[in-house]
Amino acid sequence: MTDTAIQIRRMNKFYGSFQVLRDINLTVRKGERIVICGPSGSGKSTLIRCINRLEDHQDGSINVLGTELNEDVGSIDLIRREVGMVFQHFNLFPHLTVLENCTLAPMLVRRFSRAEAERVAREYLERVRIPEKADAFPSELSGGQQQRVAIARALCMRPEILLFDEPTSALDPEMINEVLDVMRELAMDGMTMVCVTHEMGFARQVADRVIFMSNGEIVEENTPEAFFTNPRNERTRGFLAKILAH
Amino acid sequence: MPSLLRNRKFRSATLQVLFVLAVMVILVSAVTTAQDTIATNGMRSGFGFLDRTTGVNIGFSVLQYDANSTYRQLILVGLVNTAILGILGIILAHIVGLVVAAMAISRNGSLNLVAQGYVELFRSIPLILQALFWYALVTHLPAPRNAHEPLPGLFLTGRGIFMPGLSVTGEAVALVLGCLLLGAIAFAWFMIDHRFRRISDSRRRTGRLVIIGLTLLACALALNAGRVPDMPLISVPELRGLNFRGGFALPPELTALAIAIAIYGGAYVSEILRAGFQAVPRGQLEAAAALGLRPLHVFTRVHLPMAFRAVLPTLTNQCVWMFKATTLGIAVGYSDLFYVISISITQSGQTLELIGILMLGFLVMNNMISFLLNRLNKAIALKGT
Amino acid sequence: MTDMTHPIPRNSRLEQLRHRFLRTPLDIAVTAASLLLALFVGWKLLDWAVLSAVWTSPDGLSQPCRDASGACWAVIEARWRLILFGVFPYAEQWRAAVATAALILAGGLSCLPLFWSVIRQALLWIAAFALFMVFMHGGVFGLSSVPPAQWGGLALTLFFFVAVVIVGMPLSICLALMRRSDLPVIRGTAIILIDGVRALPLVTILFTAALILPFVLPGWLQGDKIWRVIAGFALFFAAYQAEVLRSGIQALPRGQEEAAKALGMGYFHRITRVVLPQAFRNALPPTINQLVITLMETSLIVIIGFFDLMASGNAAYGTGEWSFAYVEVYAFIALIYGVFVFSLSRYGRYLERRLRVGSS
Ligand SMILES: Nc1ncnc2c1ncn2[C@@H]1O[C@H](COP(=O)(O)OP(=O)(O)OP(=O)(O)O)[C@@H](O)[C@H]1O
Ligand SMILES: [Mg+2]
């Protein structure tokens with residue numbers, strides 16, 4: 001039983017001839033909160049999508065919770081069960097109610113009974129503070145509510161690790177906080193989290209480490225204080241200047 | 001007065017009145033011309049002929065029919081035959097279409113190619129040509145005495161496909177098919193309608209069992225009522241003289257048409273479904289995969305239901321189209337509604353009435369299909385969109 | 001697994017093909033099975049259609065075919081004039097050939113960008129149609145008159161198709177505009193007509209046109225059966241095409257018509273200068289699709305007793321001499337339809353690409 005959650009070694013990824021990720025090395029311990037930021041197109045989404053194998057990498061190795069990611073279907077099943085993901089555009093299933101969105105995977109993948117799955121789902125809907133919307137359909141919810149349901153849906157699988165891909169960037173400002181609050185609580189409970197986000201306040205408060213990517217490379221990796229007060233890299237400084245200017 | 005002419009309301013009212021008048025003039029003149037023609041040719045109009053005997057024989061009929069039956073019975077035979085062919089063709093075409101569409105969207109390149117080739121080939125040959133081809137093929141199967149027997153009890157011959165069956169009357173068979181269809185509709189409604197989605201699991205299970213039980217009971221009753229006396233319940237086809245006796249026979253006309261509609265309609269259905277599959281946002285599939293659902297479950301629980309919702313209106317039109325395609329029966333001599341109407345016209349000369357019945361029959365049947373599928377569409381439509 | 005130290009170049013086509021066809025062992029198995037099946041079917045077809053086929057029969061008899069295992073293309077050799085021209089007087093069949101060629105040529109020309117305007121299309125088709133009638137029907141310029149009852153084969157099928165589209169296209173525009181009219185009576189009539197026709201099978205409409213119209217039309221309006229059937233068919237085509245056009249109109253942003261109104265344009269100019277040009281452009285792919293379907297559906301006129309391509313095919317193998325050769329005849333007819341359908345749908349794809357590039 002090690003305490004390493006994710007270990008990525010010398011990973012390269014290509015789209016055709018275009019190299020999206022270059023020589024990525026990253027280790028995430030259990031319970032750690034990582035924030036990834038960087039300019040658009042720098043490969044942040046691609047990186048975290050490699051962690052649950054929505055994308056496959058070409059070179060190097062990715063090891064998640066002791067399982068090596070390779071072509072073996074078993075390893076993919078195993079990883080996806082233990083790694084939850086929250087998307088920028090929520091991706092709730094529009095043909096299912098909120099409750100059904102949350103119970104679908106536990107019933108099919110974890111083989112929960114319907115009663116058990118619903119109990120768990122209601123518990124998490126309670127935690128993201130929308131128990132009353134259990135029977136609504138996704139299109140009847142606001143963006144912030146949808147994103148909180150998406151978080152609850154991921155939590156219902158009782159994942160060891162949660163990945164967030166810009167969970168707040170499709171939301172109106174007043175809804176951003178309700179989602180960030182939920183994420184802060186999760187962090188407090190010791191969930192292992194990898195977040196792609198540009199919410200620098202959140203990063204400062206919650207993150208154990210901040211990772212800055214540019215052009216498919218990890219350019220800087222630092223504690224939040226050091227990252228924000230004393231960035232080592234030229235590109236990081238430029239990026240921070242732009243993003244903190246608002 | 002000029003100010004009135006320049007008034008929009010007045011103009012549109014006048015235009016509509018003129019339009020209605022024009023339509024009326026056309027209709028009235030058509031009716032009077034028709035009356036004149038009928039009078040000068042000394043024909044009788046009205047629906048009295050429905051009770052006269054027809055004096056003609058037809059090929060395939062599920063219901064009891066012979067040359068002494070009335071026109072009313074003949075038309076009923078045609079309706080039932082049309083319904084059987086239409087429903088059979090629609091079901092088969094959807095099975096074919098689903099398989100081909102699944103191949104078309106699979107990640108495997110060779111399956112994509114097979115699906116593409118299938119669609120390109122069968123969509124560019126007229127349906128009637130395909131039907132005639134299959135008919136020629138089916139009737140060129142060997143004569144009964146040299147029948148192919150791929151499975152014990154199943155005989156492929158140029159006179160039809162013979163298989164073991166129940167010895168019951170055709171009416172009972174038609175009744176059973178009707179019960180099964182109603183049962184399936186009730187079942188689908190119960191499973192899908194939002195109203196029944198919130199009730200507890202155990203009650204849902206009871207509900208399902210009740211529907212299945214009632215359907216089976218109705219089928220059993222119909223079969224029992226329709227049993228042919230003094231015959232074993234299950235009869236196996238045997239060669240007697242030049243043809244098979246007993247068992248259940250699928251006539252070559254029905255076989256050929258069902259194959260043709262399944263293959264041609266299947267090509268269209270698969271294209272519709274493929275478009276639906278591709279319209280499902282990738283993000284939703286990724287979300288399902290990220291939750292750990294197996295590819296099969298991603299397909300059956302997320303991809304298929306969402307694609308189906310997206311394309312149901314188009315599929316409805318396709319179903320109506322396939323139902324209308326049953327009128328090809330006349331090309332191979334299958335006694336569908338159109339066929340019986342056209343022989344009734346030659347036989348009785350009651351052209352106007354019979355064509356009225358034909359059109360009414362199709363309007364009713366096709367609107368029933370649209371109505372049912374539109375209800376289904378409403379029941380499963382995504383909320384709030 | 002791959003060598004972890006050296007990133008390999010991934011841009012080669014070969015690599016992409018490998019990914020599509022041979023990614024996992026299952027893929028390899030499926031690809032191999034499909035390949036074997038394709039080879040098997042391909043070989044059988046080649047053997048039947050080419051290697052063991054009988055191409056000609058010197059005295060026009062079927063005996064050589066009966067002894068061979070492959071396809072009997074001799075039936076086509078013996079019967080191609082029947083298939084193409086039906087029962088058109090044998091000595092005059094060159095006229096049917098010229099007439100058919102005129103229609104095909106017009107079809108080809110109308111695909112050229114040079115002819116992409118309503119006026120030019122209209123002129124082109126009217127000219128082609130006139131040429132067709134002169135040669136096919138005759139009765140002028142010293143050509144003997146051949147009434148439509150003697151037309152047949154491919155010539156009749158193409159004539160039907162062209163006539164239906166020429167009559168049906170303007171009708172469909174009328175129906176589409178009526179259907180979106182603000183006047184409830186006119187809109188209602190259009191809806192009843194469109195939905196009613198679409199709920200009926202084509203053959204019942206053709207049947208009605210052939211049998212019922214003589215009852216209700218005064219004698220001077222009846223004309224030959226072929227014209228009535230074309231009218232009925234055109235109505236059927238128009239009902240479907242009107243819906244295609246309507247969806248093309250609906251895809252226009254509302255602002256388009258409002259802008260035209262704000263500029264003070266009247267109804268006629270709004271429709272002909274702003275709405276229809278864009279609607280046709282939006283609706284081009286489904287329109288081509290509709291044309292393909294209509295071409296194939298012309299084969300249904302055999303049911304009401306016309307001697308079209310389908311019927312002449314049946315007649316070609318219908319005699320005792322050739323009755324075994326139905327597969328070859330059907331294959332030949334399928335090929336003819338296939339060539340037309342294939343070129344139309346390819347052209348549709350090309351248009352779709354070209355228009356997409358132009359609009360965005
Ligand atoms: N399916 C794909 N095929 C080809 N290139 C892709 C594909 N997906 C992403 N890319 C490219 O890979 C690069 C990294 O994309 P990625 O989505 O990871 O960036 P990102 O850092 O998440 O950007 P953003 O902040 O805009 O979300 C981009 O240059 C993008 O154009
Ligand atoms: Mg991104």
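In this predicted model, chain A and chain B bury about 2500 Å² between them, and carbon and sulfur atoms give 60% of that area. On the chain A side, A:Phe93, A:His95 and A:Leu108 lose the most area to chain B, together making up 24% of what that side buries. The contact draws on 29 residues from chain A and 24 residues from chain B.

Charge pairing comes down to one salt bridge between the two chains: the side chains of A:Arg49 and B:Glu286 meet there, at 2.5 Å from N to O. H3(A) supplies the largest share, with four residues. Sorted by class, this side of chain A has 15 nonpolar, nine charged and five polar residues.

Then there is ligand 1, whose surroundings include A:Tyr15, A:Phe18, A:Lys44 and A:Glu166. Strand S2 (18–29) and helix H1 (44–51) of chain A each provide at least two residues of this shell, and H1(A) gives the most, with three residues. The shell splits into six polar, four nonpolar and two charged residues.

An N or O atom in the side chain of A:Thr46 sits 2.4 Å from an oxygen atom of ligand 1, and a polar side-chain atom of A:Ser40 lies 2.6 Å from one. With A:Ser42 it is a backbone N or O atom, 3.1 Å from a ligand oxygen. On its own, ligand 1 has 640 Å² of accessible area, and the protein covers 59% of it.

How values were computed:
Residues numbered from 1 in each chain as written. Chains lettered and ligands numbered in written order. Predicted model: local features only at pLDDT ≥ 70, side-chain atom pairs only at ≥ 80, totals over all residues. Heavy atoms only, no water. Contact = heavy atoms within 4.5 Å. Buried area = accessible area lost by both parts, 1.4 Å probe. Salt bridge = Lys/Arg side-chain N within 4 Å of Asp/Glu carboxyl O. Nonpolar A, V, L, I, M, F, W, Y, C, P; charged D, E, K, R; others polar. Near = heavy atom within 4 Å. Polar contact = N/O pair within 3.5 Å; in protein donor to acceptor, adjacent residues only side chain to side chain. Areas by Shrake-Rupley, 256 points an atom, 1.4 Å probe, with all protein chains shown as cover.
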